[in-house]
Structure formats: C-alpha cells, structure tokens
Amino acid sequence: MEKNIKFPVVDLSKLNGEERDQTMALIDDACQNWGFFELLNHGIPYDLMDNIERMTKEHYKKFMEQKFKEMLSSKNLDTLETEVENVDWESTFFLHHLPHTNLYDIPDMSDEYRAAMKDFGKRLENLAEELLDLLCENLGLEKGYLKKVFSGTKGPTFGTKVSNYPPCPKPEMIKGLRAHTDAGGLILLFQDDKISGLQLLKDGVWVDVPPLKHSIVINLGDQLEVITNGKYKSIMHRVMTQKEGNRMSIASFYNPGSDAEISPAPSLVEKDSDEYPSFVFDDYMKLYAGVKFQPKEPRFEAMKNVAATTDLNPVATVETF
C-alpha cells in the first residue's frame, strides 16, 4: 500500500458516543471515495467468528482440498507454465439464506458447522440492514428506504460464498479471483486475518485490504451505485494468490430480490446531471452473469437500452444467489 493511503477502518461502537458525527462522516467518505471500509466492534461475537474460521478450514482440508487438486489437474493447472486469465485459483461453495435456505442441502457439513453458519448468517443479515440505514442517514434518505427498494415483492436475497485460496506455486501466473465489481447491494466479508490477498483499485493503484482480526470488510455493489446515482461507488477488486498459506474468505451478499425495481433515488438526481439506468434486478443479473470480469460502465449503459446487451461479449458465468 502506498504510504499516504490510509484504508478506512470504522469502529462501529463509536456511533453510540461523542464521536458519532465523525464516524458517520468516515463511512460517508469511504462509500464515496473507496467503495470499501473495514468494521471493528460490529457486535458479532468473536468466539462465533473463531469457531467458524476453525470449522471452515477443517471443512476445506477434509472435504474440499482433494476436489481442488482434481480441478487443477483436469484444467491442466498443475504446472502453470503460462499466464492463466480465464480461471480463478479458488475453492468455493455457496450458502443461500434468503428467501430460502439450502443450508441443510450442502453435503459434508457437520451439525455444529451448520448451526454456526446459520447463526452467523442471521447476525450478518441484521448488520447489513443496520448499515443500509446508516447509508440512508448519510444520503438524506428516509430510514428503511434502501431495504424497501431491495425487498421488491419477495424480500431481499441473501447468500454466502465460502472460499479458500490455497497456496499457489506461481502466483504471478494466476489470480485467486479476477478483478471485478460486485453486482449486488452490500457485501460483508469475514476474511483470514493472517494471510492477505484482497486488493481494491484506488485511483489507478491496487491497494491491499488489511487483514484485521475479527473485522468485517464492507464493500458496495453496483446496485448501490445506481440507487445513489453515482454518489457511492462499487469498486474493482481482486484476490491475489500466495505461495504459502491457505486464505479463508467468507463473503455474504445482501442483494435486492429478483423482482426489485432498481433506479436512482429521486432526491439524489441533480438537475441536468446524467442519470443512472432503471431496471429490474434479475435483468441486471442475467447480464452480469456473462460479463462479471468486464468494466461496470458498459453494463450500466446496456441497461439503458437492453437491446444493446448482445454487444457485451459474455465471457463467464457466476453464482448470483
């Protein structure tokens, strides 16, 4: 990280004291200029986080590691003789929480692990809704506005991507996860506090997201950029591979429901300014699924004229919860 760049770290407990105004200003600045911030004292029990980290790493070792090695072999990635740009060096599985859960359908999870992830998911859901209301306050929107927009007629969508990034013999040849912005709403990440790898693009420079113990990293998805008409930003980020260590990443996505109608909040649209598109969230996700690793701006333009989406050359598919 460059010397004069200080990654925004927010102590959520300060919202209840004399430093509330400064804390809200820090969140607002982070949303406008970073699209990311890191939360401390967020209210999620540390012993729960410790247990989830332990069980996630045990689960990978016992049930996922061999599958990952077989994947490498099947795609001829064992040797990495040339740079690879169409595959990610990651092992993942997905949990759905809202509107329906698949927690009991995931094979090889112990009862203890399921119970912990269910508890953790509910706490993250509550934290996401608390944060959305803080964003509303900073934006001058009525409390509950963002949750209401996200809800559509069926309620919001909420899911978790559980990832491990195993050691890579040639990190310069492949990314753990290629650069992209997130399509949805608010992302809450519990990441490994010992092994780094997550980077965001800040003013043309890749900046490390510092691994802090018991923190939750927050980043904004494309939908919040649209609803705020560009005041808040979704930011390109990526995961770098490492020669040593297996990096854990548990990213939870609080997204709009499939039929949610997304558009700029009227109060945030200035006269004579460019306005972001309006669309149904599911339509955006259908487009995003094919162009995740391409810049977001053509997606926004395409949603203004859905007929133009065929010109975006889809290159990948993604889990969209």
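The legends below go with a set of close-up views of a predicted model.

Residue numbers start from 1 along each chain as its sequence is written. Because this is a predicted model, local features need pLDDT of at least 70 and side-chain atom pairs count only at pLDDT 80 or more, while totals for chains, interfaces and linings use all residues, and side-chain values use heavy atoms, with hydrogens and water left out.

**View 1**
Strands here are DSSP runs of E with at least two residues, helices are runs of H or I with at least four, and both are numbered from the N terminus. Two strands pair if DSSP finds at least two bridges between them.

**View 1. Strands E2 and E9 side by side.**
Which way do strand E2 (residues 36-40) and strand E9 (residues 216-220) pair? Their pairing is antiparallel, over 4 bridges. To find a spot in this view, look for Phe 37, whose bridge partner in E9 is Ile 218.

**View 2. Helix H2 crossing helix H3.**
Here the axes of H2 and H3 come within 10 Å and cross at roughly 130°. That makes H2 oblique to H3, since angles under 35 degrees count as roughly parallel, over 145 as roughly antiparallel, 65 to 115 as roughly perpendicular and the rest as oblique. The crossing of H2 and H3 is left-handed, a word used if the near helix is turned anticlockwise from the far one by less than a right angle (right-handed if clockwise). From H2, the residues at this contact include Leu 48, Met 49 and Ile 52. Among those from H3 are Tyr 113, Ala 116 and Phe 120.

How many salt bridges does the model hold? The count comes to 20, taking a salt bridge as a side-chain nitrogen of Lys or Arg within 4 Å of a carboxyl oxygen of Asp or Glu. In one of them, the side chains of Arg 20 and Glu 137 meet at 2.7 Å, N to O. Arg 20 lies in helix H1 and Glu 137 in helix H3 (residues 111-139), so the pair ties together parts that are 117 residues apart in sequence. Arg 20 is partly exposed at 27% relative accessibility, and Glu 137 is partly exposed at 43%; buried means under 20% relative accessible area, exposed over 50% and partly exposed in between (1.4 Å probe, protein chains only). Another salt bridge joins Glu 112 and Arg 54 at 3.3 Å, N to O. Glu 112 belongs to helix H3 and Arg 54 to helix H2, 58 residues apart.

Lys 286 forms a salt bridge with Asp 282, with the closest N and O atoms 3.5 Å apart. Both residues lie in helix H6 (residues 281-291), 4 residues apart, or about one turn of the helix. Is Lys 286 buried or exposed? Lys 286 is exposed, with a relative accessible area of 59%, whereas Asp 282 is partly exposed at 30%. Elsewhere, Glu 53, Lys 57 and Asp 192 are linked in a network of salt bridges.

**View 3. Backbone details in the loops.**
The peptide bond from Leu 98 to Pro 99 is cis, with omega near 0°, and Pro 99 is found in the loop between E3 and H3. Leu 80 is not a glycine, yet has a positive phi of about 50°. Leu 80 lies in the loop between H2 and E3 and is buried, with a relative accessible area of 2%. His 214, also not a glycine, has a positive phi of about 65°. The loop between strand E8 (205-208) and E9 holds His 214, which is buried at 14% relative accessible area.

Notes: Axes fitted to C-alpha atoms, helices over the stretch in contact; angles between N-to-C directions. Contact = heavy atoms within 4.5 Å.
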